[in-house]
Amino acid sequence: MIDRPVRIGLQLQPQHMDYATIRRTASEAEDLGLDVLFNWDHFYPLSGEPDGLHFECWTMLAAWAESTSRVEIGALVACNSYRNPELLADMARTVDHISDGRLILGIGSGWFERDYTEYGYEFGTAGSRLDDLAVSLPRIESRWEKLNPKPTRDIPVLIGGGGEKKTLRLTAKHADIWHSFSDPSTLERKLGILGQHCADIGRDPAEIEISVMGNTENRDEMYELGARLFTIHTGGPKPDLTDLRDFLAWRDKLNA
């Protein structure tokens, strides 16, 4: 087994607040000792006023690469459908360099239909979007090898989702981090499935960091199951870091 410390992520949802508030909150979270700062890859708010304030994912990550200095940064998660995979690889490589090697490439197949219809992307089906992701991941990895300069490091790939036949198979093959939205009993079952996918290709599943959404009611149980990256979330109009402070204290106690 790979011995991993607990890490705490914050998904700072880029909705219902101006960018000055987003930047200030990101800086405050880093100062508190955050490990990973995430946004998300949508074009409209997912809660509250559907046409409220909202900002784009990757231009924001580039800005965070300059405005932060220590935290890793990434999307939870980037939507594979919105960008040509070679372009996404180049964008990720560029943000990797701007941040001095702090980017995580979080990626998933996409699900929010309004993003697709309003921006002119073909929505397809859940299966077709996962098939597209399966084609894109090797193209991203191949493009990283061709770029000049290459990424500063092997950019960690985080795959989000829980589909047992396709998503977990892609996770076994390509991911450094798997982000699950499961409850503890479901996580335990899906870890077994992920382990079997890893066995099928000869990979040690311990190489994959397990990431979950932070929940004070089940975090100890999730930890016992092997989760090590716990991400909480906040958004506008008034982002609240109370839960972040609690999770950081819990992390420090476990990692002591």
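**Reading the fold**

Mentor: Buried residues (under 20% relative accessible area, 1.4 Å probe, protein chains only) make up 51% of the 256 residues in the protein chain. This is a predicted model, in which local features need pLDDT of at least 70, side-chain atom pairs count only at pLDDT 80 or more, and totals for chains, interfaces and linings use all residues. Residues are numbered from 1 along each chain as its sequence is written, and side-chain values use heavy atoms, with hydrogens and water left out.

Trainee: What radius of gyration would a compact globule with 256 residues have?
Mentor: The rule is 2.2 Å times the number of residues to the power 0.38, and the radius is taken over C-alpha atoms. A compact globule would thus be near 18 Å, and the 17 Å of the protein chain agrees.

Trainee: How many helices and strands does the protein chain have?
Mentor: Helices (H or I, at least four residues) and strands (E, at least two) are DSSP runs, numbered from the N terminus. Here there are nine helices and nine strands.

Trainee: At what angle do helix α1 and helix α2 pack?
Mentor: Axes are lines fitted to C-alpha atoms, for helices over the stretch in contact, and angles run from 0 to 180 degrees between N-to-C directions. Helix α1 (residues 19-32) packs against helix α2 (residues 57-67) at about 45°, with the axes 11 Å apart.

Trainee: Which residues make the contact?
Mentor: Contact means heavy atoms within 4.5 Å. Tyr19, Ile22, Arg23, Ala26 and Ser27 of α1 meet Met60, Ala63, Trp64 and Ser67 of α2.

Conventions
Buried means under 20% relative accessible area, exposed over 50%, partly exposed in between (1.4 Å probe, protein chains only).
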